[in-house]
Protein chains: 2
Amino acid sequence: MSRFNRIAVIGAGLIGGSVLLALLRRKSGQTLTGWSHSRKSRDLLGGFTGVDVFETAKEAASGADLVIIATPVDKIKQTLLAITPSLKPGAIVTDVGSVKASVVQDATILPPTVSFIGSHPMAGSEKAGIEQARADLFEGRLCFITPAGKEDPAALSALRDFWQGLGSIIRECSAEQHDAIVAVTSHVPHATASALMLAVAQAPQFDITAAGSGLRDATRIAAGEENLWVSILLSNAENVVSGLSNVEKNLRALREAVAAGDQEKVAALLKAARLARQSLDPSR
Amino acid sequence: MSRFNRIAVIGAGLIGGSVLLALLRRKSGQTLTGWSHSRKSRDLLGGFTGVDVFETAKEAASGADLVIIATPVDKIKQTLLAITPSLKPGAIVTDVGSVKASVVQDATILPPTVSFIGSHPMAGSEKAGIEQARADLFEGRLCFITPAGKEDPAALSALRDFWQGLGSIIRECSAEQHDAIVAVTSHVPHATASALMLAVAQAPQFDITAAGSGLRDATRIAAGEENLWVSILLSNAENVVSGLSNVEKNLRALREAVAAGDQEKVAALLKAARLARQSLDPSR
């Protein structure tokens with residue numbers, strides 16, 4: 001982290017705010033700047049002692065050695081356009097979006113004098129916003145870095161060190177591989193939890209007093225802010241559509257086995273699901 | 001609870017074991033008896049000081065004022081048959097199964113000298129077995145009681161007092177209503193979590209290191225013991241099949257909107273899901 005004298009965080013939600021809190025806690029002596037689209041978040045950011053808050057993204061990014069774009073995925077392109085005039089030659093620009101292939105495409109508008117490398121710290125939550133920011137958000141959590149292969153190795157190494165310095169475990173792969181992986185472990189589960197919640201809420205027999213911890217856990221992520229998730233799902237549409245088809249296929253198999261009273265088949269499906277779920281927590 | 005001098009718990013898993021622990025903690029002076037199909041669980045039950053453990057269900061139930069059948073749903077009928085010869089005239093018999101209409105049907109084999117009223121304490125977990133039993137399992141949790149309308153009011157009142165004495169919040173409705181309600185809040189979420197887990201595990205791009213708390217929560221209940229759940233789903237097949245069709249319908253709507261790049265439609269579906277999920281936790 002000490003390689004960067006000036007770090008700009010553009011966009012101050014859960015992730016952007018947490019990056020700043022994590023850097024402040026480390027007191028590494030860099031100049032930290034910040035900006036948020038919303039006046040309210042800028043005001044909250046003003047309460048972070050040690051962060052210089054600016055009225056425009058362009059001013060906040062000016063002269064920074066590392067610029068972290070932490071806006072929603074569908075705002076990244078316009079943010080990159082806005083900061084381009086003030087980017088210092090040699091600056092490293094990254095983002096924290098949950099999809100990578102479309103962001104890497106967006107970043108082709110940047111001048112060749114700067115290095116863009118995508119990041120995705122997997123540290124989101126259904127509780128969004130700078131109010132939820134935490135200095136330890138990245139500790140022990142996976143952070144994808146998606147080099148295109150043409151980067152300056154020094155820039156890649158500096159970005160790796162940066163996230164590791166915040167406690168992240170680094171995983172490097174292509175933007176396309178990233179998108180396929182997180183579709184499976186994050187985007188498809190999100191959409192499925194939403195569909196389950198909709199079906200539950202639509203059922204005439206739905207009785208909220210009978211909702212237990214099972215339903216609550218199974219649908220928790222459906223409480224996520226839809227404005228963030230619409231752009232995530234649409235930016236990763238191909239992988240999401242294919243993953244949702246597979247969930248539908250498995251639901252249909254289970255439904256048909258139940259309808260047929262096929263005890264053996266239902267048992268086989270539930271057992272395979274149990275074993276797969278248990279393998280997520282090998283200690284159990 | 002003091003209305004019962006002798007209470008028998010037939011079947012010693014999470015629920016049966018927890019009933020005994022809760023009664024023992026209350027030291028209300030009743031005689032407590034227990035039985036389990038498995039030798040291992042009977043041995044563990046032997047460690048509950050104050051519970052007389054028997055080798056057969058019939059012996060354990062003999063002379064009891066309250067008999068609680070806590071075997072898996074598909075074993076209830078044979079358990080009722082086994083204990084019938086030893087049931088004391090005037091005894092109250094209940095169960096703790098997650099489905100009620102089929103159990104009420106099973107209970108028609110009991111002699112008219114005893115009262116059967118179904119119960120369903122909603123206190124299960126994906127962690128089954130007497131090893132997981134806890135004296136406070138029922139505190140503040142919903143317990144369904146499903147009278148058929150022909151019961152002795154004194155028996156119904158005694159059963160209500162019993163569960164309330166263990167900390168449960170009582171909900172009375174018909175067995176059919178119960179089954180429709182828990183299909184929505186429990187059985188369909190369970191099957192959906194299982195289908196999601198299967199689809200995730202089958203995906204060639206599944207990468208366990210990228211599995212975060214969202215996927216873990218969404219699939220937690222899929223770790224449940226399949227032998228319990230097969231009989232639950234099959235005993236409530238009609239409601240489960242209809243509920244799963246509705247989940248599939250919502251998944252398809254979301255998938256088609258994503259495939260079409262229909263931002264407005266995706267946003268509307270995710271927003272409706274978010275609002276429904278937030279209404280489960282009104283304090284947030």
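**The sheet, then the pair of chains**

I started in chain A, where three strands make an open sheet in the order E7-E8-E9 with mixed pairing. Strands here are DSSP runs of E with at least two residues, helices are runs of H or I with at least four, and both are numbered from the N terminus. I count two strands as paired if DSSP finds at least two bridges between them. The edges are E7 (118-121) and E9 (169-172) of chain A, each pairing on one side only.

Next I checked E8 (residues 142-146) of chain A, which runs parallel to E9(A) over four bridges. A:Leu142 has A:Ile169 in E9(A) as its bridge partner.

A note on the source: this is a predicted model, local features need pLDDT of at least 70, side-chain atom pairs count only at pLDDT 80 or more, and totals for chains, interfaces and linings use all residues. Residues are numbered from 1 along each chain as its sequence is written, while chains are lettered from A and ligands numbered from 1 in the order in which they are written.

Then I looked up the interface: 78 residues of chain B are in contact with 78 residues of chain A (C-beta atoms, placed from the backbone, within 7 Å). H7(B) gives the largest share of chain B's side, 20 residues.

Notes. Two residues are in contact if their C-beta atoms, placed from the backbone, lie within 7 Å.
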